[in-house]
Amino acid sequence: MKLTVLGKYGPYAPPGGATSGYLMENGGEYMLLDMGSGVLARLQEFIQPSQLKGIIVSHVHYDHINDLFLYKYMLEGLNKQGKLERPVPVAGPAALWEKINSPVFEFVPIDACPEINLAGMKISFALMKHPVASYAMRLKGEGDMVYSGDCNSFGALADFALGCGQMLCDIGTPRRLWTPDSPHMHAAQAAQAARSAGASLIMTHFMPGMAQAELLEETQEFCGAVCAEEYSCYEL
């Protein structure tokens with residue numbers, strides 16, 4: 001399995017950046033985790049969008065779904081030309097379908113769905129703590145990775161991720177700015193979750209201007225970690 005980071009920022013991107021979007025490759029098949037602002041353009045630098053076997057959306061916040069609307073326009077244009085072979089599978093919380101409802105998508109609600117199969121991977125879900133329904137997901141294919149989505153549930157996340165090889169975790173703030181009401185984890189919590197799960201940690205979903213050196217320092221007590229870099233590829 002291979003992870004390519006297309007966007008790593010939230011809730012908005014700085015100049016030249018993109019919000020959440022992660023291209024997964026497994027056995028030569030491709031799928032996308034979240035599709036925030038700027039992700040569709042970057043996706044086309046790696047593959048043709050028609051190569052996607054599907055998209056999974058962790059939750060319905062705009063920094064994770066904005067480019068789905070543009071992808072919808074693209075697919076509807078192809079459909080009118082008779083060039084869309086099939087609807088593209090999109091899995092996400094039920095509230096997502098109210099926003100993107102279109103015959104160019106084949107929608108799978110994950111709210112009550114224990115597992116789906118996509119791009120040769122088995123993908124399971126766990127509801128996390130966030131202001132809206134937000135799901136962590138575990139992808140098992142040639143590797144085993146957990147993506148946290150946006151969450152402030154590091155204990156539940158660690159239990160869900162137990163035994164996986166890699167975690168891709170939302171970091172909303174350094175520890176000094178975190179409060180129990182924060183919608184995101186701080187870096188040390190993500191590192192605790194990764195250590196408990198026995199996994200390596202990639203941190204992502206950074207507020208523009210956030211000092212990544214501070215985040216890395218906070219993780220050292222618990223596990224080694226890296227900060228996601230846009231356009232970087234990670235073998236899992």
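This text walks through the fold of one chain, from its overall form to a few single residues. The model is predicted, so local features need pLDDT of at least 70 and side-chain atom pairs count only at pLDDT 80 or more, while totals for chains, interfaces and linings use all residues. Residues are numbered from 1 along each chain as its sequence is written, and side-chain values use heavy atoms, with hydrogens and water left out.

The chain has six helices and 14 strands; these are DSSP runs, numbered from the N terminus, with helices being H or I of at least four residues and strands being E of at least two. The radius of gyration is 17 Å, close to the 18 Å from the globule rule for 236 residues, so the chain is as compact as a globular protein of that length. That radius is taken over C-alpha atoms, and the rule is 2.2 Å times the number of residues to the power 0.38. Along the principal axes, the C-alpha atoms fill a box of roughly 55 × 35 × 30 Å.

Of the 236 residues, 56% count as buried. Buried means under 20% relative accessible area, exposed means over 50%, and partly exposed lies in between (1.4 Å probe, protein chains only).

The interior holds nonpolar cores. Such a core is a set of buried Ala, Val, Leu, Ile, Met, Phe, Trp, Tyr and Cys residues joined through side-chain atoms within 4.5 Å. The largest has 32 residues, of which L157, M167, L201, M203 and F206 touch the most other members. At least two residues of this core come from each of β8 (121–128), α4 (154–161), β11 (166–170), α5 (187–197), β12 (200–204) and β13 (225–227). The largest share, seven residues, is supplied by α5. Apart from this core lies another, of 26 residues, among them I56, L118, A119 and M137.

F206 also shows which parts of the sequence meet. Leaving aside neighbours within four places in sequence, the contacts of F206 (heavy atoms within 4.5 Å) include K8, Y9, G10, I171 and C227.

Some backbone details remain. G10 and P11 are joined by a cis peptide bond, with omega about 5°. P11 sits in the loop between β1 (2–7) and β2 (21–26). H205 lies in the loop between β12 and α6 (212–219) and is buried, with a relative accessible area of 4%. Y231 belongs to the loop between β13 and β14 (233–235) and counts as partly exposed, at 36% relative accessibility.
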